[in-house]
Structure formats: structure tokens, C-alpha cells
Amino acid sequence: MCEKSSFCLRRLPLAGRLFLFFFLFVATEAFGKEEAVRDTVYLRNGEIVIGDIKGMHLGMLSFDSDDVGTVDLKISKIKTISSASDTLRIEMANKAIYFGALKPSVKSGWVYIITQEHRHHVQIDNINTLLTLEPNFWQNLSGNVSAGFSYSRSSNIGQLNLSASVAYTMKKVDFSITGSGIASIDSASFSRDREDLDFTVLYNVKNMWYAVGSIDYQRNLQLSISRRLQETIAAGYKVVFSQNFQILGLGGFSVSQERSTTGVDQNFLWEVPIGFTLDYFRFSHPDMQISSGHVFYAGLTQWGRVRYDSNTTFAWELFKDFDFSLNLYLNYDNRPPDTSSSGKMDYGMVVGLAYKF
């Protein structure tokens with residue numbers, strides 16, 4: 001017998017009982033699917049973090065947690081990972097590239113990469129880069145903004161520096177826009193001393209090979225350049241790939257259009273660029289990241305002309321999403337556009353506060 005104060009399943013008609021069982025089944029399935037569509041990170045200390053994978057680069061997993069928001073997790077602290085998405089782009093330290101999903105392994109520090117063809121059991125430490133290829137445009141964007149200001153009372157001159165970068169990732173194509181500028185301000189004038197703007201498209205051809213196309217704008221008064229437009233096509237190779245260190249090399253052809261500070265134009269200046277970029281991440285307190293790019297240009301139209309561009313940034317994490325940045329730059333031209341100018345080299349240091357998004 002059922003108690004009068006309690007619900008009794010036997011008192012329901014057959015149709016009511018069938019409806020109740022159907023409702024409970026659907027609710028259970030929906031709850032299970034809701035849990036399954038979330039990414040999950042299992043940490044070595046026993047904690048489980050549920051949310052959305054944002055990406056992994058140089059030994060750091062960016063994860064949007066339901067409880068604390070976006071956090072950076074060192075992969076040395078991760079036991080295993082499960083991803084809801086099967087559209088991840090995973091680049092390994094051995095230069096292999098996979099497109100698929102991550103599924104947990106019972107072996108600590110390991111994970112399964114599930115592709116359409118195979119199931120790969122790999123160490124998490126051997127994953128160099130992981131990119132989420134989301135259908136939402138904004139979820140595939142990343143970047144940073146940096147700004148700084150200095151002032152000298154003796155010269156009564158202030159100097160403002162700004163820099164920004166935005167990157168967008170697709171399955172095999174990466175887009176990036178970077179820009180920086182240095183301006184001088186005094187009581188009588190405002191001078192745009194140095195400006196750089198670069199738009200780059202990188203296509204991943206196969207494994208570690210990639211093709212690059214870029215359009216650049218430059219202004220450098222120290223080297224008597226009022227304006228330079230440069231278009232480049234190059235091929236590159238990812239020379240070194242490891243957990244927290246990578247080197248990418250490239251070589252190709254570029255063509256430039258220059259205007260000197262005296263108003264003299266020079267068009268269709270062909271050059272051969274050869275360069276490399278280096279990225280390094282150090283896990284300590286505070287975390288530090290180094291990004292360094294170097295490109296040599298050998299003149300073809302102006303035989304014997306040699307140029308060199310170098311840009312190195314050190315970033316120390318102050319707190320979440322904010323870095324203290326130190327940028328060192330060097331530009332050299334043995335034949336600047338204004339031949340009467342004695343300046344063949346420009347170098348400097350920029351200090352600023354950077355915000356990452």
C-alpha cells in the first residue's frame with residue numbers, strides 16, 4: 001500500500017506511467033549530452049576543470065572554465081584531456097599535424113588524438129600547438145594591445161609608443177595583422193618617427209612546410225623613409241618544434257615602393273628576404289615569453305643594397321591577461337633612400353603594458 005502523503009507510481013494509469021518514464025529518459029539523455037559537449041581537463045592533483053578549450057601554445061593551455069573564467073594551465077600539471085570538438089588542429093613536437101578530437105587516457109600525462117583515419121596515443125608534453133577551429137568568427141580571434149609613454153624634462157619631449165596584433169585561425173590558413181608606432185611630442189610639434197603595419201597570410205602546406213604572403217607599410221625618419229610599401233611571397237619551414245621553444249625559417253621574393261623624406265620615389269625594388277622567427281616560453285614566476293624576428297634583404301634591382309630588420313619582445317606576466325613588455329628593435333640599410341643622409345641604422349627600446357585577449 002502507498003502512503004497517502006507520498007506519490008505512488010502504481011496509482012497512475014498505464015499511459016501516465018509510460019509518459020513519466022519517457023520524460024525521465026529524455027531528461028537523462030539531455031543532461032548527459034550537455035555534460036558531453038563540454039571540454040574537460042583532468043589535473044594531476046585530482047581536480048577536474050570543465051569549460052571550453054581556447055588553445056595551447058608553447059606548453060600552456062588556455063581554458064575558459066565555468067567557475068573562474070579563462071585560466072592558463074601548464075601542461076606539466078595536466079593528467080589528461082577530453083574535448084567535445086572534433087575540429088582541433090594539433091601540431092606535435094615531431095612535426096606531425098592532426099585534425100580531430102582529444103579523448104582521455106588512463107595513463108597520466110597522455111591523451112588520445114582521434115582523427116577520421118586513426119587513433120593516436122601521445123604524450124601531452126609532445127603537443128606544441130593546439131588550435132580550436134570554431135564556427136563562430138570571434139572565437140577564432142586572438143591578440144594583444146600594448147602602450148607606453150616616456151617624458152624627459154631636460155629636452156621637454158614626450159614619446160608615445162603603441163603596438164597591437166590580431167590573429168585569426170582557420171583549418172590550414174592563419175591571418176595576422178600587426179602594427180606599431182612611435183611618435184614624439186613637444187610644445188611645438190608632433191612627429192610620427194616610426195611606423196610599421198603588416199598583414200600576413202600563412203598557409204600550412206604539409207607537415208612543417210608553409211607558404212606566406214604579406215603586405216607591409218613602413219615609415220622610419222631615422223633612415224630617411226617617408227613611406228615604404230612592400231609585398232612579399234615566401235616559403236617557410238618550421239625548423240625546431242618543442243614544448244616551449246620553436247624556430248621558423250623563411251625565404252622568398254619581395255618588391256617595394258619607397259618615398260624618401262625629400263620626396264624622391266623609387267618603384268619596383270626587388271629583393272630576396274631570408275629570415276627566421278623564434279618563440280620561447282619560460283615557466284617560472286613570473287612567466288616570461290620571448291618572440292624574436294629577424295629578416296635580411298638582399299637587393300636585386302639595387303645590386304649590393306643590404307637591409308636588416310630585427311624585432312624582439314620580452315613579456316613578463318604581471319597578472320591575468322596583462323604583461324609588462326620590453327621591445328628591442330633594430331633596422332639597418334646600407335643605402336637609405338636619401339643618399340645625403342648619414343643615418344644607416346635605427347635602434348631603440350620600448351617599454352609598455354600589454355593586454356592579451
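Rings of Phe, Tyr and Trp (its six-membered ring) pair if their centres lie within 6.5 Å; planes under 30 degrees apart count as stacked, over 60 as edge-to-face and the rest as tilted. Keep that rule in mind for the clusters below. The model is predicted: local features need pLDDT of at least 70, side-chain atom pairs count only at pLDDT 80 or more, and totals for chains, interfaces and linings use all residues. Residues are numbered from 1 along each chain as its sequence is written, and side-chain values use heavy atoms, with hydrogens and water left out.

Start with the whole chain. It holds one helix and 22 strands. Helices (H or I, at least four residues) and strands (E, at least two) are DSSP runs, numbered from the N terminus. Of the 357 residues, 38% count as buried. Buried means under 20% relative accessible area, exposed over 50%, and partly exposed in between (1.4 Å probe, protein chains only). The chain exposes about 20100 Å², and carbon and sulfur atoms supply 62% of that area. Accessible areas come from the Shrake-Rupley method with a 1.4 Å probe; for residues, only the protein chains shown count as cover. Among contacts with a separation of 6 or more, 47% join residues 24 or more positions apart. A contact means heavy atoms within 4.5 Å.

Now the aromatic rings. The whole structure has seven aromatic pairs. Y168 and F175 make a tilted one, 6.5 Å centre to centre with 40° between the planes. Y168 is buried at 18% relative accessible area, while F175 is partly exposed at 28%. W316 and F324 also form a tilted pair, at 6.0 Å and 35°. W316 is partly exposed at 23%. Ring pairs link F314, W316 and F324 into a cluster.

F324 also belongs to a nonpolar surface patch, together with L318, F319, L328, M349, V351 and L353. The patch has about 640 Å² of accessible area in total. Patches are made of residues with over 30% relative accessible area and no salt bridge: like charges are joined within 9 Å, nonpolar side chains (Val, Leu, Ile, Met, Phe, Trp, Tyr) within 5 Å. F324 has 35% relative accessibility and so counts as partly exposed. Strand β22 gives the most to the patch, with three residues. M349 is found in β22. At 55% relative accessibility, M349 counts as exposed.

The term means a side-chain nitrogen of Lys or Arg within 4 Å of a carboxyl oxygen of Asp or Glu. The structure holds 14 salt bridges. In one of them, the side chains of D346 and R194 meet at 3.8 Å, N to O. D346 lies in β22 and R194 in β14 (residues 190–206), so the pair ties together parts that are 152 residues apart in sequence. Both D346 and R194 are buried.

E258 forms another bridge with R305, with the closest N and O atoms 3.2 Å apart. E258 lies in β17 (residues 245–260) and R305 in the loop between β19 (288–299) and β20, so this pair ties together parts 47 residues apart in sequence. E258 is buried at 3% relative accessibility, and R305 is buried at 2%. R259 bridges to D265 at 2.7 Å between the closest N and O atoms. Here R259 is partly exposed at 30%, and D265 is partly exposed at 39%. Salt bridges that share partners join R89, E91, D174 and K238 into one network.
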